[in-house]
Amino acid sequence: MARSGASLFFTAAGVAGIGLSLSKSIPRVYCDAPAPGEGLPPPPPQGAPELPPPPPSTVSLYQLSFGLVSGVCAGIFIKKGAKAVAWLLGGIFVLLQYLASKSLVRVDWGRAATRFENAFYTTDEKGVKRAPTVSSVWNWLVDFLSADFQPRASFIAGLALGLRIG
């Protein structure tokens, strides 16, 4: 149901009036500079021993950037490669279906499914076959790519970024 212009005007005026009345009850906050000597730590006493310099950082900017760049490149490569593989397998599927519709070939999809299950499914201790999950594939991929790679954390962050932007 369409609302009239007057109804919308009064609704908007009411919302604006409530907003203005609430703004009067909110206390104002002023951001003034602190007075001299306020908020600063006290100066060290005369004759106090000097503190030693801070220890050098164990974080290497080179290692962090190398891991991040490597991860981004790997992520982009994986995403583009997965698209190419999906395109290729989809094309093969369409071609097989077309040839089967023309009675040129006969495809045993049951046998293909069994071979797929044998290749990718895992069997637990009770003998039940389980399909791969996204988390199991991710864990396998990260373990495979970052084995014996020191900047693992920055690599994983770069890998996620590369998969996102790739």
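Which residues form one aromatic cluster with F66? Select F66, F149 and F155 together, and you have that cluster on screen. Before going further, a word on what you are looking at.

This is a predicted model, in which local features need pLDDT of at least 70, side-chain atom pairs count only at pLDDT 80 or more, and totals for chains, interfaces and linings use all residues. Residues are numbered from 1 along each chain as its sequence is written, and side-chain values use heavy atoms, with hydrogens and water left out.

**Stop 1: confidence**

Colour the chain by pLDDT, the predictor's confidence in each residue from 0 to 100. The chain averages 83, and 83% of the residues score at least 70. Helices here are DSSP runs of H or I with at least four residues, and strands are E runs of at least two, numbered from the N terminus. Confidence is lowest in helix α1 (residues 5–25), with a mean of 68, and highest in helix α2 (residues 61–101), at 92. Where pLDDT is low, the predicted coordinates should not be read in detail.

**Stop 2: the annotated segments**

Next, select residues 59–77 and 84–100, which an unreviewed UniProt entry annotates as "transmembrane region"; such annotations may be inferred rather than shown by experiment. Residues 59–77 are 89% helix and 0% strand, with end C-alpha atoms 28 Å apart. Residues 84–100 are 100% helix and 0% strand, and their end C-alpha atoms lie 24 Å apart.

**Stop 3: aromatic pairs**

The structure holds six aromatic pairs (ring centres of Phe, Tyr or the six-membered ring of Trp within 6.5 Å; planes under 30 degrees apart are stacked, over 60 edge-to-face, the rest tilted). Show F66 and F149: this pair is tilted, 5.9 Å centre to centre with 40 degrees between the planes. F66 lies in helix α2 and F149 in the loop between α4 (134–145) and α5 (152–165), so the pair ties together parts 83 residues apart in sequence.

Now move to W140 and F144, a stacked pair at 5.3 Å centre to centre and 5 degrees between the planes. They are four residues apart in helix α4, about one helical turn. Both W140 and F144 are exposed (over 50% relative accessible area with a 1.4 Å probe, protein chains only; buried is under 20%, partly exposed in between).

**Stop 4: salt bridges**

Finally, look for the two salt bridges (a Lys or Arg side-chain nitrogen within 4 Å of an Asp or Glu carboxyl oxygen). D143 and R152 meet at 3.0 Å, N to O, while D124 and R130 meet at 3.4 Å. D143 is partly exposed at 45% relative accessibility, as is R152 at 34%.
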